[in-house]
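User: I would like to go through this model with you. Could we begin with the charges and then move on to the fold?

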Amino acid sequence: MGSTIIPIAVLTIVFASVVTIVASYFKLQRHRADAAALAEYRKLAEQIAAGQQATNDRLAELGDRVKAVEKLLQSVG
């Protein structure tokens with residue numbers, strides 16, 4: 001009876017180690033995927049911010065043109 005306990009204990013430890021390694025591997029893969037998604041999100045956010053700034057600049061330019069046209073119309077009329 002005593003001679004079967006040691007191999008069972010060793011197998012239990014090995015099995016638990018393999019389970020822990022596999023679980024850690026999948027957790028690491030999930031973490032890597034999350035990090036990649038976050039990096040992509042940041043890149044997209046930067047692109048949107050740059051596009052928004054370009055839109056704001058263009059709107060300001062158009063606003064200035066409208067003011068110039070209004071001023072011209074006021075001077076004519």
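User: How many positive and negative side chains does the protein chain have, and how far apart do the centres of the two sets lie?
Analyst: This is a predicted model. The protein chain carries 9 positive and 7 negative side chains, and the centres of these two sets lie 8 Å apart.

User: How many salt bridges does a search of the whole structure find?
Analyst: The search finds two salt bridges. In one of them, the side chain of Glu61 meets that of Arg58, at 2.9 Å from N to O. In the other, Arg65 pairs with Glu61 at 3.2 Å, again N to O.

User: Where do Glu61 and Arg58 lie, and how many residues apart are they?
Analyst: Both Glu61 and Arg58 are in helix 1, three residues apart, which is about one turn of the helix. Arg65 and Glu61 are also both in helix 1, four residues apart, again about one turn. Through shared partners, the salt bridges join Arg58, Glu61 and Arg65 into one network.

User: Now the fold. How many helices and strands does the protein chain have?
Analyst: The protein chain has one helix and zero strands. Its radius of gyration is 33 Å, well over the 11 Å that the globule rule gives for 77 residues, so the chain is more spread out than a compact globule. The C-alpha trace spans about 110 × 10 × 5 Å along its principal axes.

User: What share of the residues in the protein chain is buried?
Analyst: Buried residues make up 0% of the 77 residues. The protein chain exposes about 7100 Å², and carbon and sulfur atoms supply 68% of that area.

User: Which residues form the nonpolar patch on the surface?
Analyst: The patch is formed by Ile6, Val10, Val14, Val18, Val22, Tyr25 and Phe26. Together they have about 660 Å² of accessible area.

User: Where is Val10 placed, and what is its relative accessible area?
Analyst: Val10 is in helix 1, which covers residues 2–76. Its relative accessible area is 46%, so Val10 is partly exposed.

Methods. Residues are numbered from 1 along each chain as its sequence is written. This is a predicted model: local features need pLDDT of at least 70, side-chain atom pairs count only at pLDDT 80 or more; totals for chains, interfaces and linings use all residues. Side-chain values use heavy atoms; hydrogens and water are left out. Patches are made of residues with over 30% relative accessible area and no salt bridge: like charges are joined within 9 Å, nonpolar side chains (Val, Leu, Ile, Met, Phe, Trp, Tyr) within 5 Å. Accessible areas come from the Shrake-Rupley method with a 1.4 Å probe; for residues, only the protein chains shown count as cover. A salt bridge is a side-chain nitrogen of Lys or Arg within 4 Å of a carboxyl oxygen of Asp or Glu. Helices (H or I, at least four residues) and strands (E, at least two) are DSSP runs, numbered from the N terminus. Buried means under 20% relative accessible area, exposed over 50%, partly exposed in between (1.4 Å probe, protein chains only). The radius of gyration is taken over C-alpha atoms; the globule rule is 2.2 Å times the number of residues to the power 0.38. Lys and Arg count as positive and Asp and Glu as negative; His and the chain ends are not counted. The place of a charge is taken as NZ of Lys, CZ of Arg, CG of Asp or CD of Glu.
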